[in-house]
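Reader: I would like to learn how to read a structure of this kind, one feature at a time. Could you take me through it slowly, giving the general idea before the case at hand?

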Amino acid sequence: MKIFVCVKQVPDTETKIKIKSDGSGIETQDVKWIMNPYDEFAVEEALKTRDKLADGSTVTALTLGPKARCTEVLRTALALGCDNAIVIDSTETLDTSATARALSEALKKEDAGLIFLGKQAIDDDCSQVPQLIAAHLELPHASVVVKFELSADKSKATVERESEGGTKEILELSLPCVIGANKGLNTPRFASLPNIMKAKKKEIAELNLAQLGISETDTKTRHYEFQLPPPRPAGRTLEGSAADLASQVVKLLREEAKVI
Amino acid sequence: MAKALVFVEHKNGKIKSSSLELLRFAKSGGLEVVAVAFGPQASSLAAEAGQNGAANLVVTESAELQNYNPEGYGKAFSEIIKNQNPTCVLGSSSVLGKDLFARVGGLLKCGVATDCVAVTFEGNNVKARRPLYSGKATASIEFKNSSTALVLVRPNVLEPRTVTPGGPATVTQSALQLSSLKTLVKQVVQGTSNKLDLSEANIIVSAGRGIKGPENFKVIEELAASLGASVGASRAVVDAGWAPHSMQVGQTGKTVSPTLYIAIGISGAIQHLAGMSSSKVIVAVNKDKEAPIFQKATYGLVGDLFEIVPLMTQEFKKLLHS
């Protein structure tokens with residue numbers, strides 16, 4: 001089976017966000033880039049599934065973005081154990097719809113049997129691409145998945161997804177299907193130094209948006225007028241014994257802040 | 001008149017408050033409001049939908065839609081949107097809402113905006129404001145090349161609106177053949193917690209590494225119980241296995257904006273601060289007075305949480321339960 005995992009390069013969670021002076025986006029020059037944390041769970045599940053199948057199945061990592069920068073995230077995926085890697089080169093930032101359409105077209109060409117992604121990317125926080133890909137390819141999907149199991153005949157997957165208030169939904173999907181991974185699905189492995197070195201020499205296949213038939217009309221939304229959140233009004237530190245602190249804060253919440 | 005379709009989530013025969021809020025929001029914005037609900041007996045929601053501003057209620061009452069099925073709900077909802085041709089489609093930015101709206105966006109080739117905190121209508125143009133980088137930035141979002149705008153709104157962020165209660169909404173059945181689905185709901189295990197999910201909670205009490213071990217969670221839970229609050233946790237606590245990921249607040253967890261957020265033993269890593277800084281009032285209890293959490297706190301309490309928190313619990317009980 002051809003297993004695919006879509007990965008995205010995002011700013012490290014430690015990044016202090018700065019806005020471009022024209023408000024069109026964030027400043028990227030000082031950003032340290034990492035693999036989207038939820039994609040790490042997707043990569044791990046793809047590799048685990050391949051290794052369990054042990055039938056010649058392969059895992060291909062796929063990303064979209066400016067290739068000069070984002071092939072790095074594919075090197076990480078290769079170092080973790082992915083067999084192949086493909087970059088869809090795009091210098092401009094695409095919205096979720098155009099991104100999903102481009103990824104879908106690439107997946108269609110490749111006859112993917114199983115597609116893993118993180119449930120959301122921690123940059124734009126849209127939580128859309130797994131579902132969008134599934135809709136484009138007319139496949140079943142499940143997102144926010146915390147358990148994944150393939151049936152013995154490889155025709156179905158049973159997944160557990162997390163809903164609100166601790167509710168768990170158990171779904172059965174026929175393959176091919178799209179899985180959005182949540183934290184808790186597995187414990188991602190670390191890449192070994194020899195594998196990191198080997199990954200540097202592996203070939204990365206390239207596609208471009210024109211080849212995939214992506215045009216301006218595939219873009220459905222635009223983000224603009226970026227701002228930093230308004231600064232919080234200065235707070236205050238309360239003084240006194242533990243008993244004083246407790247009674248003061250409760251009184252302030254009732255009488256000053258009026259929130260209880 | 002511009003028309004809004006509102007996807008209504010319901011439980012035990014009642015519409016969820018996050019969906020009622022959207023019905024009233026659309027109605028008071030001068031839009032024609034059509035509510036949409038799925039599952040057997042969905043038409044019994046007509047009175048409640050009407051009271052909150054919906055003139056019409058479109059339902060698909062198939063047994064296949066008893067529980068959330070991404071494929072079945074996607075098919076049924078996109079069919080209704082095609083027939084109704086609304087200016088915008090509103091839903092709550094819940095786990096269900098985010099899953100469903102993106103699937104529908106793909107099926108109808110329309111734009112989707114997740115986690116919106118403000119929505120404005122200018123004629124047929126819809127514009128929304130949403131946080132990115134889990135709240136480290138915000139941006140406006142507009143729609144293009146889309147026949148309708150799919151907008152998911154965070155619970156509790158819109159200005160509360162009141163509407164003149166109307167009679168029961170007129171019910172329309174939207175029947176659909178759903179037998180060939182490739183997705184089967186095997187089982188739904190209801191969570192044991194009767195508290196509100198973090199993303200909807202008005203008051204949250206969160207624990208950090210300062211609580212020293214999972215056995216001390218009861219200190220936090222007692223404080224939460226005295227306030228009717230939901231319980232959250234920092235990433236450190238979740239990674240240590242003291243709490244499930246569903247309780248994690250911050251980047252790679254949940255972004256929350258309650259009225260009151262009480263951070264206990266949380267130092268305030270940048271990822272945590274991003275996820276809770278839009279809370280209206282923040283109380284922090286920490287023994288390290290240099291902890292970054294104090295820069296965000298409305299009220300900072302420096303000291304031993306094991307001394308202070310039980311006393312706070314007592315004070316809240318005295319105030320709220322006497």
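Reader: Which domains does the domain assignment give for chain B?

Author: We are looking at a predicted model, and a domain assignment divides a chain into parts whose bounds come from an automatic or database source. For chain B the assignment gives domain 1, which covers 3–173, and domain 2, which covers 198–321. The C-alpha centres of these two domains of chain B lie 32 Å apart, and their contact takes nine residues from domain 1 and nine residues from domain 2.

Reader: How is the area buried between domain 1 and domain 2 of chain B to be read, and which residues of domain 1 lose the most of it?

Author: Buried area is the accessible area that two parts lose on being put together, summed over both. Between domain 1 and domain 2 of chain B it is about 830 Å², with carbon and sulfur atoms giving 43% of that. On the side of domain 1 of chain B, the residues that lose the most area to domain 2 are Ser134(B), Lys136(B) and Arg154(B), and together they account for 54% of what that side buries.

Reader: How many residues does the contact between chain B and chain A take from each?

Author: That contact takes 88 residues from chain B and 78 residues from chain A. Chain B and chain A bury about 7200 Å² between them, and 56% of this is on carbon and sulfur atoms.

Reader: How many salt bridges are counted between chain B and chain A?

Author: A salt bridge needs a side-chain nitrogen of Lys or Arg within 4 Å of a carboxyl oxygen of Asp or Glu. Between chain B and chain A the count is seven salt bridges, and the side chains of Glu172(A) and Lys186(B) meet in a salt bridge at 3.5 Å, N to O. The count of residue pairs in polar contact between chain B and chain A is 50, and the side of chain B that touches chain A has 36 nonpolar, 29 polar and 23 charged residues.

Reader: Which strands of chain A and chain B are joined by bridges, and how do they run?

Author: Strand 12 of chain A (residues 221–227) is joined by five bridges to strand 10 of chain B (residues 137–143), and the two run antiparallel. Within this pairing, Gln227(A) stands opposite Thr138(B) in strand 10 of chain B.

Reader: What does the salt bridge of Asp83(A) and Arg50(A) tie together?

Author: The side chains of Asp83(A) and Arg50(A) meet at 2.9 Å, N to O. Asp83(A) lies in the loop between helix 2 and strand 5 of chain A, and Arg50(A) lies in helix 1 of chain A, so this pair ties together parts that are 33 residues apart in sequence.

Reader: Where is the cis peptide bond that joins Leu175(A) and Pro176(A)?

Author: The cis bond between Leu175(A) and Pro176(A) has an omega of about -5°, and Pro176(A) is found in the loop between strand 9 and strand 10 of chain A.

Conventions
Residues numbered from 1 in each chain as written. Chains lettered and ligands numbered in written order. Predicted model: local features only at pLDDT ≥ 70, side-chain atom pairs only at ≥ 80, totals over all residues. Heavy atoms only, no water. Contact = heavy atoms within 4.5 Å. Buried area = accessible area lost by both parts, 1.4 Å probe. Polar contact = N/O pair within 3.5 Å; in protein donor to acceptor, adjacent residues only side chain to side chain. Nonpolar A, V, L, I, M, F, W, Y, C, P; charged D, E, K, R; others polar. Pairing = 2+ DSSP bridges. Helix = DSSP H or I, 4+ residues; strand = E, 2+ residues; numbered from the N terminus.
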